[in-house]
Amino acid sequence: MTVQRQAFEKVLIANRGEIAVRILRALRELDKRGAVVYSDADRTALPVLLADEAYRIGPGPSIESYLRAEAIVELATRIGADAIHPGYGFLAENAGFAELCADAGIKFIGPPPAAMAAMGSKIESRRLMLAAGVPVVPGGDEALESLEAAATFAQELGYPVMLKASAGGGGKGMRKVRQPGELPAAYRAVRSEAAASFADDTVYLEKLVERPRHVEIQILADEHGKVVSLGERECSLQRRHQKVVEEAPSPAVDRDLRRRMGEAAVRVAGAVGYTNAGTVEFLLDSKGNFFFLEMNTRLQVEHPVTELVTGVDLVRAQIAIAEGEPLGSELENIEPRGHAIEVRLYAEDPYRDFAPSPGRIERLRLPEGPGVRNDCGVYEGDEVTILYDPLLAKLIVWGANRAQAMDRLGRALSELRIDGIRTTAPLFQRLLADEDFRHGRLDNGMLDRKMAAGELAPSLTAQRRELSAIGAVLEHLDQHGRQTAVSRSHGQRDRWREAGRREALRGRRWN
Ligand code: MV4
């Protein structure tokens, strides 16, 4: 294998928000120039302020800006960038974009286009995994051409089953089928959904795995044929396929299971000629059986929890791999040290069905101190638009064990302050008080169930505190109106107390 070795001097980041900031930080540490693209809506966004160079790429809507593959590659050529980092989302898993980069002589910091394409068809990737000796959910490895074929095969597999679109992924285009009577409607629904969403209506069947965990393995693969596993992340706390909390290691994975899942993930990467950073998703059932689901051919949002328990800087590793560096032997057989938890701060109101909450961030105070990391893409005074993914920031904590990590998270959340917009922050204090979460009893439907049951609703004390804060301000206004002379002679302590009351009203903290 001949590998191109090239030290990058300038890297263009084809992304925005917290991940653009994360990549800029890695480049700065490596003494490389970091350039970003930005849309009109992001003219004054944090990555633009932090970058060495910033270039307008188009109007606000991502289809006219961050998704303009050709314009971004042309820009990279024009500014003399050696490589493009796609981050996650946007063009990160677009094999055509990776090809455009290659054609222009720009290194795409990610896997080869063929490895990305191999993971596109679920039926195809299932066959590949079976051949590579990687466990997949029992099911069919051929397209179902008719409802009759589906019914026959479902009977053979045994109900309940999961009907899936071959071109699907990330939760789109699938239906649980518990009994034969439900099959016709599910069959029609998945086929038409798949045709509409993916322009490919191929469907297949799997045995339904009940209340599984989502456990994924982080791998790194260099361009010299070496692949290593950096262990797992537990990502079962999701809301409608949107992850909300991730942790490493998984409370359900011991050393032996970690080794077996790691070996399977390494075989997955080998089977498709993978290079760079990637994630292999598995379903883990209640008996400790794991099954390959899909591979994410990009850096993931939740990569920091792996960084905190392994000490490996994944973005730095991605850049080194793309430069042609071989992976060192220190990356073999890494065991997690301590425990890390990430919570995602979305500009959404968790108590209004996660409705978007755009607006101006009036105040932003991020927690600090031992074991606390903020990957934040916004600043105080920033405007949050509804044009893009609502992820504002990630709060990640590390502790010597899971209990200490939870204590840290609670302490960090008590320091966190975001005013002006609603965020998912209040949810996490409630989650920390939940017995199932505390004991690590998680599955991929748990968050939806608990939200629906109102188990994570704001506590009575939190609601009472909000009301009493409002009351305190009303009382203050009343006093202030009648006793101007007295309030002018207020001491320092009183001014602090008044300021606190005002903030309490503005902040509307539920925690
Ligand atoms: C499943 C499953 C249960 N049984 N397949 C959801 C996303 C897509 N990658 C596959 N998914 C699932 N496939 C069988 N045979 C349950 C899910 C699933 C899920 C998986 C991972 C994380 C969250 C999830 C939420 C609901 C359903």
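The crossing of helices α7 and α8 is right-handed, a crossing being left-handed if the near helix is turned anticlockwise from the far one by less than a right angle, and right-handed if clockwise. The helices and strands named here are DSSP runs (helices H or I, at least four residues; strands E, at least two), numbered from the N terminus. The model is a predicted one, in which local features need pLDDT of at least 70 and side-chain atom pairs count only at pLDDT 80 or more, while totals for chains, interfaces and linings use all residues. Residues are numbered from 1 along each chain as its sequence is written, and side-chain values use heavy atoms, with hydrogens and water left out.

Helix α7 covers residues 147-157 and helix α8 residues 183-198; their axes come within 10 Å and cross at roughly 120 degrees. Axes here are lines fitted to C-alpha atoms, for helices over the stretch in contact, and angles run from 0 to 180 degrees between N-to-C directions. On the α7 side the contact (heavy atoms within 4.5 Å) is made by Leu147, Ala150 and Ala151, and on the α8 side by Leu183, Pro184 and Tyr187. These residues divide into six nonpolar, no polar and no charged. In this division Ala, Val, Leu, Ile, Met, Phe, Trp, Tyr, Cys and Pro count as nonpolar, Asp, Glu, Lys and Arg as charged, and the others, Gly among them, as polar.

Helix α12 contributes Met406, Leu409, Gly410, Leu413 and Ser414 to the contact, and helix α13 contributes Ala425, Phe428, Gln429 and Leu432. The residues of this contact divide into six nonpolar, three polar and no charged.

Turning to individual residues, Lys243 lies in strand β11, which spans residues 242-248. Lys243 has a relative accessible area of 9% and is therefore buried (buried means under 20% relative accessible area, exposed over 50%, partly exposed in between, with a 1.4 Å probe and protein chains only). The side chain of Lys243 makes a polar contact with the side chain of Glu216, at 3.1 Å. A polar contact is a pair of N or O atoms within 3.5 Å; within protein, one must be able to donate a hydrogen and the other to accept it, and residues adjacent in sequence count only if both atoms are side-chain atoms. Not counting residues up to four places away in sequence, Lys243 touches His214, Glu216, Cys235, Leu237, Gln238, Glu281, Gln300, Glu302, Arg344 and Tyr346.

Asn15 sits in the loop between β1 (10-13) and α1 (17-29) and counts as buried because its relative accessibility is 3%. A polar atom of the Asn15 side chain lies 2.8 Å from the backbone oxygen of Tyr88. Tyr88 is also among the residues that Asn15 touches, together with Ala20, Val37, Tyr66, Pro86, Gly87 and Phe90, not counting residues up to four places away in sequence.

Ala69 is found in helix α3 (residues 69-79) and is likewise buried, with a relative accessible area of 16%. Ala69 and Phe97 are 28 residues apart along the chain, and their C-alpha atoms are separated by 5.9 Å. Leaving aside neighbours within four places in sequence, Ala69 is in contact with Leu91, Phe97 and Leu100.

The peptide bond from Tyr159 to Pro160 is cis, with omega near 0 degrees, and Pro160 is placed in the loop between α7 and β6 (161-169). Another cis peptide bond runs from Ala248 to Pro249, with omega near -5 degrees; Pro249 is in the loop between β11 and α9 (255-271).

Positive phi values are found in residues other than glycine as well. Phi of Arg240 is near 45 degrees, and Arg240 lies in the loop between β10 (227-239) and β11. At 55% relative accessibility, Arg240 counts as exposed. Asn333 has a positive phi of about 55 degrees and is found in the loop between α11 (314-322) and β14 (339-346). Asn333 is exposed, with a relative accessible area of 74%.
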